[in-house]
Amino acid sequence: MDSKVAAVLNPPVYEDFEASTDLVEEKDCDTILLTLPGFKKEHLKVQLTSAKMLRISGSRPIGDNKWKRFMKEFPVSPNHDSNKINAKFESGILYIRLPKLSPPLDHHQNIKEEEEKEEEEEEEEKQLHSTKSPTQKTEQTSQKPNAAADQNVKEEPKTANEKGEKSKEEKLSHLDDDSKEKKSIASDHKQEEDGAKKSGEERDSEKKRMTKRDKLQEEEEEQEEEDSAKTAEEEGKESSETIEGSGKSKVHNYKETAADIAKSQLKKYRRTFNLALVIIFALTVGLYLSNFIRTIKRDEN
């Protein structure tokens, strides 16, 4: 009770001062710095109002019933997470950390990433198919020993039966040519099969891309339809407003024309009334003068 009575009789005197502030912007968060010399943690208050304003206040005693106080307010943007705001006071500096919200991923960006992944998978499959091609090289190498055998057959010593040997060599050469033709035909079939597989895979990939592009086009068309509907509604509102304004202007103009007609008629009536008054006045003056002249003549007679 004594302290309350003393506070009423001798109220404290406050001195306001401006605290120096600084803002540090980063990718993940923003930090507000307030330099408060002479203050303690108990002297400070940090509050978040319902209007998304960060209110920082504090007061400390100086002596002789005098206090030094301050108050600062900072707006909290929607990019900040208001539930994770924290404060720290160290060596006369108040640090207030405002974490940022992670931005949501765009739907179109997700589709583009999926397309890039599918393209990478297709390139890997093509590389795997290209690794299978060395089998053709092995077939070509198998042809070389046959050529060496032909050379060995040709280098054999000549005997009395050279004609028979020549016939044998011709038969062997024909057999080699047939085997080479068969191998070339088989290699051509394999290449055709590989080309057909690759063309089928390319068609499938193109179909997938086309379906995704169609989806994107449909979404864009839907957005354009929504935008056109909104613009049509706005134009309808504007046209209705213009119609109402034109109707009001027509009524106003009609009123003005009626008032002008009434004024012109009143002017005409006033003119005729004034003319009538002038005529009556002239008649009265003439009658008065004629009577006056008659009386003068009578008096002379």
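**Figure 1. Pairing of strand 3 with strand 8 in the predicted model.** Residue D30 has L98 as its bridge partner in strand 8. The two strands concerned, strand 3 (residues 29-35) and strand 8 (residues 93-99), run in the antiparallel sense and are joined over seven bridges.

**Figure 2. The open antiparallel sheet with strand order 2-3-8-7.** Four strands make up this sheet, and their pairing is antiparallel. The edges are taken by strand 2 (20-25) and strand 7 (86-90); each has a single partner strand, so one side of each is left without a neighbour in the sheet. From one strand to the next, the twist averages 20 degrees. In general, the strands of a sheet pair through backbone hydrogen bonds, in either a parallel or an antiparallel arrangement.

**Figure 3. The open mixed sheet with strand order 1-6-5-4.** This sheet also consists of four strands, and its pairing is mixed. Strand 1 (13-16) and strand 4 (44-48) are the edge strands, each pairing on one side only. With direction ignored, neighbouring strands of the sheet are turned against each other by 25 degrees on average.

**Figure 4. Parallel pairing of strand 1 with strand 6.** Four bridges connect strand 1 to strand 6 (residues 66-75), and the sense of the pairing is parallel. Within this view, D16 has R69 of strand 6 as its bridge partner.

**Figure 5. The hairpin of strand 4 and strand 5.** Strand 4 pairs with strand 5 (residues 53-61) in the antiparallel sense over five bridges. Opposite V46 stands I56, a residue of strand 5. Four residues lie between the two strands of the hairpin. In the turn, K52 adopts a positive phi of about 60 degrees.

Notes
Residues are numbered from 1 along each chain as its sequence is written. This is a predicted model: local features need pLDDT of at least 70, side-chain atom pairs count only at pLDDT 80 or more; totals for chains, interfaces and linings use all residues. Side-chain values use heavy atoms; hydrogens and water are left out. Two strands pair if DSSP finds at least two bridges between them. Axes are lines fitted to C-alpha atoms, for helices over the stretch in contact, and angles run from 0 to 180 degrees between N-to-C directions.
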